Amino acid sequence: MAQYNAFYAQSGGVTAVINASACGVIEACRRQSDLVGKVYAGHNGIIGALTEDLIDVTQESDADIAALRHTPGGAFGSCRYKLKDIETHRAQYERLIEVFKAHDIRYFFYNGGGDSADTCLKVSQLSEKMGYPLTAIHVPKTVDNDLPITDNSPGFGSVAKYIATSTFEASLDIASMCATSTKVFVLEVMGRHAGWIAAAGALAGQG
């Protein structure tokens, strides 16, 4: 079978484990060397593809890639850049396909939340219309844990632990002086419309 290159990009707010997902994608591609040649990462997410600012991670050692599992932040840079609908911003999507063609990229991995999944779908649809064979794959990521048709999102576990720990520590603080001082503590958390992170605060009661 023919060998083609892959493109990976990170999107949105990075989690404690997004680099572990990057590691998984890159290592999986390396195991499929008969199908996948080079693996490129977009510098600052999808913007890296639009500006043709690509990082050739094929040059990195296996040890360096494995180290991503325990590396915080976004190793390749992320972005909050949502591609609009194809009808009004077709030029941007065509630019992506143009860059993919130039680098013989046939596999597109986009690591992010719901907007990233939507981008994968739109890029896949346009590539089909343009007659360019491209496999677009969404790699789940969001601490909000609100992606449809997924059991859970990598990143939620780490934030759930953080919120549970913070809530427990705050409760000990309140308990130590509530007789004469503060009796109520409000902890505001993220979570968009899902509420999973707020619910994680209840884990403090298990301590």
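Tutor: Asp144 sits in the loop that runs between strand S5 (135–140) and helix H6 (156–177); helices (H or I, at least four residues) and strands (E, at least two) are DSSP runs, numbered from the N terminus. The model is predicted, so local features need pLDDT of at least 70 and side-chain atom pairs count only at pLDDT 80 or more, while totals for chains, interfaces and linings use all residues. Residues are numbered from 1 along each chain as its sequence is written, and side-chain values use heavy atoms, with hydrogens and water left out.

Asp144 is buried, because its relative accessibility is 10% (buried is under 20% relative accessible area, exposed over 50%, partly exposed in between, with a 1.4 Å probe and protein chains only). Setting aside neighbours within four places in sequence, Asp144 has contacts (heavy atoms within 4.5 Å) with Met190, Gly191, Arg192, Ala194, Trp196 and Ile197. Met190 is 46 residues from Asp144 along the chain, yet their C-alpha atoms are 7.2 Å apart. A polar atom of the Asp144 side chain lies 3.4 Å from the backbone nitrogen of Gly191.

Now the charged pairs. Side chains of opposite charge can pair when their charged atoms come close. Taking a salt bridge as a side-chain nitrogen of Lys or Arg within 4 Å of a carboxyl oxygen of Asp or Glu, the count is eight.

One of them joins Arg69 to Glu27, with 3.1 Å between the closest N and O atoms. Arg69 is in the loop between helix H3 (62–66) and helix H4 (90–102) and Glu27 is in helix H1 (residues 18–31), so this pair ties together parts 42 residues apart in sequence. Arg69 is partly exposed, at a relative accessible area of 44%.

Another links Glu52 and Arg95, whose closest N and O atoms are 3.4 Å apart. This pair also links distant parts of the chain, 43 residues apart: Glu52 lies in the loop between helix H2 (47–50) and strand S3 (54–56), and Arg95 in helix H4. Glu52 is partly exposed at 36%, as is Arg95 at 25%.

Glu94 and Arg90 form a salt bridge at 2.7 Å, N to O. Both are in helix H4, four residues apart, which is about one turn of the helix. Glu94 is partly exposed, with a relative accessible area of 31%, and Arg90 is partly exposed at 36%. Through shared partners, salt bridges also join Glu52, Arg95 and Glu98 into one network.

Key: Polar contact = N/O pair within 3.5 Å; in protein donor to acceptor, adjacent residues only side chain to side chain.
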